Amino acid sequence: MKVAVAIIAVFASIAVTIDATVFFKEQFLDGDAWKSRWLVSKHKSDYGEWKLTAGKFYGDSEADKGLQTSQDARFYAISSRFEPFSNEGKSLVVQFTVKHEQKIDCGGGYVKIFPADLDQADMHGDSQYYIMFGPDICGYSTKKVHVIFNYKGKNHLIKKEIKCKDDELTHLYTLILNPDQTYEVKINNEKVESGTLEEDWDMLPSKKIKDPEAKKPEDWDDRAKIDDPADTKPEDWEKPENIPDPDAKKPDDWDEDMDGEWEPPMIPNPDYKVQAESELAGEWKPKQIDNPDYKGYTPDASIYKFDNIGVLGLDLWQVKSGTIFDNFFIGDDLKEAEEFGKETWGATKEPEKKMKDAQEEEERKAREEEEKSKKDTADDEGDEEEGDEDEPEEEEEKDNTTEEEEEETLKKDKDEL
Ligand SMILES: *[C@@H]1O[C@H](CO)[C@@H](O)[C@H](O)[C@H]1NC(C)=O
């Protein structure tokens with residue numbers, strides 16, 4: 001019985017992997033060779049440097065090597081290319097691990113998925129991407145997972161708040177986008193959010209009216225169809241329903257003075273009958289075409305679709321550096337992504353935690369020793385006041401807002417006053 005189950009399981013997993021495609025996988029397992037696959041943008045001259053390392057603590061000193069941000073208060077911009085593909089009719093899975101071992105205060109931990117025509121050497125914050133996905137931390141207020149989709153040239157943020165992990169351990173982030181326009185976000189192989197693109201983003205005008213008091217904009221046009229201006233009334237259209245009887249004659253004894261002007265009696269128009277039987281019966285109306293100014297709701301079953309996916313980029317800002325990115329995966333099969341997650345993050349998370357705990361224990365002991373010896377010296381020197389404990393240094397408050405953005409914030413502040 002057990003054997004049978006095992007065999008079925010093996011076949012099932014083969015069936016899953018047979019038609020699964022992996023478009024991009026990067027584990028940094030070949031030393032410096034990653035440098036030939038990844039390109040640092042030259043858009044700015046002072047982008048931060050990336051280092052290959054497993055960090056201060058890890059589950060496996062080789063397998064856990066990934067790309068680490070190594071300079072504080074810098075922008076980072078690096079990307080890697082793969083064979084372009086379209087996710088039409090297939091699921092798209094984007095997955096990677098991120099470790100903020102530095103106790104991050106403010107910095108991005110997300111990836112951007114670009115069209116293949118991206119100029120990698122010029123990649124920067126405004127380069128148009130298809131998808132932005134992953135954690136972002138800044139102070140206490142921003143601790144979220146971004147899921148941004150580009151639709152017709154505009155970026156649309158998810159309307160739901162997805163909390164990200166803010167500890168120092170490695171976490172696995174997965175985005176699944178399905179051709180039925182549903183999505184799922186997983187952290188550490190567990191679902192944290194799901195829904196539909198239509199409901200959780202505002203790419204399409206809403207089907208529902210949110211505010212009954214809201215006024216219709218002046219230029220709002222809710223006629224889905226309009227008259228085709230190119231359509232003209234056929235020349236022979238006018239065929240009255242009744243016509244004067246062509247056979248009628250004025251009676252001989254008709255007295256115009258007494259009886260008024262003679263008019264022939266009306267009879268049904270034989271041509272009208274022909275019209276009435278045809279589809280064009282009755283009043284003439286121009287043909288209907290789609291109104292080009294229509295502002296109403298139009299469903300779009302292809303919001304999930306990106307035609308030319310070809311580059312994965314890390315384009316972010318970090319105040320305190322030290323984040324390690326690893327185990328990138330882009331594919332069309334959820335099971336495969338899940339397996340890859342288990343093999344990588346799943347295999348090293350426990351030993352990583354152990355090593356971190358052990359280090360912290362050592363540090364704690366060392367601190368205690370130090371304090372004890374300090375106290376002993378202080379006692380020896382007489383009853384002086386307790387020395388102040390090492391206070392954490394104030395973080396240098398540098399930020400990533402551009403001058404225009406700062407101006408805009410200032411303006412906004414003024415407006416609010
Ligand atoms: C600056 O970076 C932080 C961290 O990634 C991010 O949350 C914030 O939105 C960024 N601000 C701007 C203006 O780009």
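This is a short tour of a predicted model, stop by stop, for you to follow in your viewer.

**Stop 1**

**Stop 2: Lys 112**

Now zoom in on Lys 112, which is part of strand β8, residues 111–115. Is Lys 112 buried or exposed? A residue needs 20 or more other C-beta atoms within 10 Å to be called buried. Lys 112 has 27 such neighbours, so it counts as buried. Leave out residues up to four places away in sequence, and Lys 112 touches Tyr 129, Met 132, Gly 313 and Asp 315.

**Stop 3: Tyr 129**

Hop across to Tyr 129, in the loop between β8 and β9. Tyr 129 is buried as well, because 22 other C-beta atoms lie within 10 Å. Setting aside neighbours within four places in sequence, its contacts are Lys 112, Ile 113, Phe 114 and Asn 150.

**Stop 4: the nonpolar core**

Ile 113 is your way into the largest nonpolar core, a set of 53 residues. Select Val 94, Val 111, Ile 113, Ile 131 and Phe 133, the ones with the most contacts inside it. Strand β19, residues 309–318, gives the most to this core, with six residues. In soluble globular proteins, nonpolar side chains tend to be buried together. Beyond four places in sequence, Ile 113 touches residues including Val 94, Ile 131, Ile 309 and Leu 312.

**Stop 5**

Next, highlight β9, residues 131–138. Six of its eight residues are buried, so β9 is largely enclosed by the rest of the structure.

- β7: antiparallel to β9, with three bridges; look for Cys 106 paired with Cys 138.
- β8: also antiparallel to β9, again with three bridges; Val 111 stands opposite Phe 133.
- β10, residues 142–151: antiparallel to β9 over eight bridges; Asp 136 has Lys 144 as its bridge partner.

β9 and β10 make a hairpin with three residues between them. Click on Gly 139 in the turn, where phi is positive, about 65°.

**Stop 5: around the ligand**

Finish at the ligand. Which of the eleven residues around it come nearest? They are Gly 108, Cys 138, Trp 317, Asn 400 and Thr 401. β7 supplies the largest share of this shell, three residues, while β9 and β19 each supply at least two. By type, the shell has four nonpolar, five polar and two charged residues.

Notes: Residues numbered from 1 in each chain as written. Predicted model: local features only at pLDDT ≥ 70, side-chain atom pairs only at ≥ 80, totals over all residues. Helix = DSSP H or I, 4+ residues; strand = E, 2+ residues; numbered from the N terminus. Buried ≥ 20, exposed ≤ 12 C-beta atoms within 10 Å, placed from the backbone. Contact = placed C-beta atoms within 7 Å. Core = buried A, V, L, I, M, F, W, Y, C linked by C-beta atoms within 7 Å. Near = placed C-beta within 6 Å. Nonpolar A, V, L, I, M, F, W, Y, C, P; charged D, E, K, R; others polar. Pairing = 2+ DSSP bridges.
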